[in-house]
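Dear colleague,

I am handing over the structure shown just below, and after it I set out what was found. Please read the notes with the coordinates open beside them.

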Amino acid sequence: GNVHYYDFVLKEKNFTRLGSTKSILTVNDSFPGPTIRVHGDTAFVTVHNQGRYGVTIHWHGVRQPRDPWSDGPENITQCPIPPGTSFTQKVAFTLEEGTLWWHAHSSWTRATVHGAIVILPAYGIYPFPEPAGQHILIIGEWYKGDVMQIANVAGATGARPSASDAYTINGQPGDFYNFSKENTHRFLVDHGKTYLFRIINAAMNEEMFFGVANHSLILVGIDGSYTKPFNTSFIMITPGQTMDVLVSTNQPKGLYYIAASPFSDGNNRDENSPTTAILEYSENFKPSPSSIPMPVLHTVNDSGTVFNFTRSLRGLASQDHPANVPLNVTRRIYMTVSLNELPCQNPNGTCLGPNGNRSASSLNNISFQIPQIDILQAYYWNISGVFSEDFPDQPPFFYNFTGDTGSNTLIPSTGTRVLMFDYNEVVELVWQGTSVVAAVSHAMHLHGFSFFVVGVGKGNFNNVTDPKSYNLIDPPEINTVCLPENGWLAMRFVANNPGVWYMHCHLERHASSGMDTVLIVRDGYTTQTSMVPPPKYMPPCS
Ligand code: C2O
Ligand code: CU
C-alpha cells in the first residue's frame, strides 16, 4: 500500500448557525473537518493543536493492529496534546473497506471536531455495481452553547447535560430551522444513475432515522465492512456508526428532501426538528421548490421498527469476503448496561440529577472513572495505582434486569477496573440492557476490533435457549451497535489485537457518566503477536 501524510491544524473559528455566531474548535478551518481518503494504505496524521485546551484524535473503527499508541482516547491510550504542540499518529488500514470516520476523543470536543474516512476497495472492485458518483453525508448536532462548558456543568452538578439545538447534515440544520434555509446542503445528482452515499452519525447523543423522499435505499456496508445488499425505505443509524447506501436516481427530475430525525425510547427525550438536505437532480426545471417531498420518518419511540431493522442486518459473507465467525468460544462475558444514580458529593449536598443525586451509568454495576494518566502508559511501564485488572465477567447480582423495578435503587460502585484477555481468546460478550432508573437503547462501541453481532433479543438473555437462534453464517461485522432497550445483544471477536482498547456507549452523556471500560489484550509469545513499542514522542501527562 501507499503512505499518505495529512496535517490537521486544530483551532478556534467563528461559525454562524441558527442566527447566532460562536467560536468552535475546527480542523483545517472546516466543519465538518477534512476527509481522509485511502486504499487500504497507511496514513500519518500530524495533529497541530492551536486551540485553548488539550485534545486527542481517534480513528473510529480502524483496528490499528498491535498499535494502540495512535488510537487516541484521552487518558485511555494517551494524554491530551497540549496547546501549542503537535503529535503524529499512524493510522494503519488492514481489513477495513468502505466508510469510517475520525473524531476528537476528549470530553465533548467531538461535537465539532470530526470528519470522514473513505476506504476505497483494496483491489479496485466493489461487491456491487460501480456507483456513478459518491457523496459523504455526516449527521451531527449543533449546540448554541459551548460544548466543553455543557460537559463541565453536567459533570459538576450531576444533571443531565443540556440538549443540542439542532441536528445537522454536513454541518447545516436545513429547511426546518430558523435562519438556515439558504444554507441547506444540496447533493447534486444526474437522472438515471446510482450513487453511493457514505453516511456517518457523528451526533453526540442521538440515534437517527434517515431516509430520502420517494427513493429507496440499498444498504451495502456498515462500519467499514460490506453487508448483503438490503433494500429498505429507511435506515436507523446509531452514533458512531457508518452506513454505505446506494440511491438510484430513478424519479422525475426535481428536488427531494433527505432527512434525519431522532430515535429515542426513553421518557426523558430531547427532540429537535428533523434535519434536511436536498437531493437535487440536474436539468431540473421544477419552478417552485415549495412542495419538496419529505421522506416518511418513523416516530421517535418506534423501538419495534428499530429492533426489526437491527435483526435484519447481514454481513456479506461471500467467497471474496468470507465471514470467519469465531465458533469455539473460550471466554464468555455477560455485561449489564445501566443508567444509575450516584450519591451527590458536592460540599453543599445537593445535585441536579434524579432525587438530588448525580446521574450516572455503569457496566456490570461499575461506573468507570477515567484516570489522571493514560492506562496504556501505566500498563506498558508497570505504573501501579492507575487501574485494576479486576473487571468482572458477570454482573455482581442476577435478577430480572428488564422487569424488576425493585432494583432501581441499585447504586453502582466506582473505579477504573479493566477486563484482561490472553492473546487469542475467543470471546463471546453479551450486553444486557436493564431497566434500572430507565430502559433506553445504547450505542455500544469497541475500539481495536470489529465484532460479529450473532444475536439480539428482547428481555433478559437466556444462556440456554437464546444461543440456539444465533446467526453464525452471515452476521454483520461492525464496531458500534444499537443495544435495544430492555434487550440483549450477543457479539463475538477473537482477542488477537494486543493492546489497550476502550469500550463505551457512543451516546456522549452515557460515556461521560461511567458507561465505559477498557479491554487489555496481553501480548502473545512472539514479537509479531505483541504490541509494538511506543513512538519516540507521546504527549506528556501533566
Ligand atoms: Cu467513536 Cu471511543 O469512539
Ligand atoms: Cu448509552
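A residue is called buried here if 20 or more other C-beta atoms lie within 10 Å of its own, and exposed if 12 or fewer do, with C-beta atoms placed from the backbone. By that criterion, 50% of the 542 residues of the protein chain count as buried. Please keep in mind that this is a predicted model.

On the overall fold, the secondary structure of the protein chain comes to 4 helices and 32 strands. The radius of gyration of the chain is 22 Å, which is close to the 24 Å given by the globule rule for 542 residues, so the chain is as compact as a globular protein of that length. Its C-alpha trace spans about 70 × 60 × 55 Å along the principal axes. Among the contacts in the chain with a separation of 6 or more, 79% are accounted for by residues 24 or more positions apart.

One strand deserves a separate paragraph, namely β25, which covers residues 426-433. Of its 8 residues, 7 are buried, and β25 is therefore largely enclosed by the rest of the structure. Strand β20 (residues 331-342) runs parallel to β25 and is joined to it by 7 bridges, and within this pairing V337 has G433 of β25 as its bridge partner. With strand β30 (residues 487-494), β25 pairs in the antiparallel sense, over 7 bridges, and here W431 stands opposite L489 of β30.

With best regards

How values were computed:
Residues are numbered from 1 along each chain as its sequence is written. Chains are lettered from A and ligands numbered from 1 in the order in which they are written. This is a predicted model: local features need pLDDT of at least 70, side-chain atom pairs count only at pLDDT 80 or more; totals for chains, interfaces and linings use all residues. Helices (H or I, at least four residues) and strands (E, at least two) are DSSP runs, numbered from the N terminus. Two strands pair if DSSP finds at least two bridges between them. The radius of gyration is taken over C-alpha atoms; the globule rule is 2.2 Å times the number of residues to the power 0.38. Two residues are in contact if their C-beta atoms, placed from the backbone, lie within 7 Å.
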